[in-house]
Amino acid sequence: MSAPLIAGFALGFSLILAIGAQNAFVLRQGLRREHVFPLCLTCAVSDAILIAAGVAGFGALAEAAPWFETVMRYGGAIFLTWYGLRSLNSAWRGGAVMDVGKGQRASLRSVLLTVLAFTWLNPHVYLDTVVLIGSISAQYDDRMAFAMGAMMSSFVFFFSLGYGAGVLSPIFARPRAWQVLDVVIGVVMLGIALKLVAM
């Protein structure tokens, strides 16, 4: 495996790992075993489209305006630092648990519309997949391999989350599990931010 592919996979996976509305919804549906395959596929394909747009756009932009890559790199570092500190603060406060919910089975249409809204109407998804991954990809000669790695991470993550939810349910019923996960996310985000500044 090439270095850009591995780097893209690692960055994509660490970004997507962050607890948010989309991931919580996928986990919840996985725990309920409702429409897991189309839900995970929709999330992964959406990410792939956004990553491709970011890498293609930033590749051309970096060549036309070299200074823009530097601006976005430091902007990405600031964003990741804020995101990492937020995760560490969330871990410090604690108290989060996964509410699976009971009741009537949701329709496929409502599930897909909900996750599409979580994905495409969330400004953070554009910062993560288009801006951040796109700007970091400009550091690599083989941007396509970097993009493929990031796309692969989305497919691996969402299908693992959706189908592995049954195994995770006893764990994430406890607030301590969310605290540990938030700490890991915070450390990873701060580490990526430091690497961006050191480039």
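**Helix pairs, burial and core**

User: Within what distance do the axes of H1 and H7 come, and at what angle do they cross?

Analyst: They come within 6 Å and cross at roughly 40°. Axes here are lines fitted to C-alpha atoms, for helices over the stretch in contact, and angles run from 0 to 180 degrees between N-to-C directions. This is a predicted model: local features need pLDDT of at least 70, side-chain atom pairs count only at pLDDT 80 or more, and totals for chains, interfaces and linings use all residues. Residues are numbered from 1 along each chain as its sequence is written, and side-chain values use heavy atoms, with hydrogens and water left out.

User: Why are H1 and H7 called oblique?

Analyst: Angles under 35 degrees count as roughly parallel, over 145 as roughly antiparallel, 65 to 115 as roughly perpendicular, and the rest as oblique. The crossing angle is roughly 40°. H1 and H7 are therefore oblique to each other. Their crossing is right-handed. That term means the near helix is turned clockwise from the far one by less than a right angle; anticlockwise is left-handed.

User: Which residues meet between H1 and H7?

Analyst: On the H1 side, they include Pro4, Gly8, Leu11 and Ile16. On the H7 side, they include Phe146, Gly149, Ser153 and Phe157. Contact means heavy atoms within 4.5 Å.

User: What makes H1 and H8 oblique?

Analyst: Their axes come within 10 Å and cross at roughly 135°. H1 and H8 are therefore oblique to each other as well. H1 passes H8 in a left-handed crossing. Leu11, Ser14 and Leu15 of H1 make the contact with Val188, Met189 and Ile192 of H8.

User: How many helices and strands does the chain have?

Analyst: There are 8 helices and 0 strands. Both are DSSP runs numbered from the N terminus: helices are H or I, at least four residues, and strands are E, at least two.

User: Why is Asn23 called buried?

Analyst: Buried means under 20% relative accessible area, exposed over 50%, and partly exposed in between (1.4 Å probe, protein chains only). Asn23 has 9%, so it is buried. Asn23 lies in helix H2. Its contacts, not counting residues up to four places away in sequence, include Ile16, Phe157 and Leu161.

User: Is His35 buried or exposed?

Analyst: Its relative accessible area is 17%, so His35 is buried. His35 is found in the loop between H2 and H3. Its phi is near 50°, a positive value in a residue other than glycine.

User: What makes His124 and Val71 partly exposed?

Analyst: His124 has 25% relative accessibility, so it counts as partly exposed. Val71 has a relative accessible area of 46%, so it is partly exposed. His124 lies in helix H6, and Val71 lies in helix H4. His124 touches Phe79, Trp82 and Tyr83, not counting residues up to four places away in sequence.

User: How much of the chain counts as buried?

Analyst: Of the 199 residues, 45% count as buried.

User: Which residues touch the most other members of the largest nonpolar core?

Analyst: Leu80, Ile133 and Phe158 do, out of 43 residues in that core. H7 gives the most to this core, with 9 residues. A nonpolar core is a set of buried Ala, Val, Leu, Ile, Met, Phe, Trp, Tyr and Cys residues joined through side-chain atoms within 4.5 Å. Among the residues that Ile133 touches are Leu11, Leu15, Ile51 and Phe146, not counting residues up to four places away in sequence.
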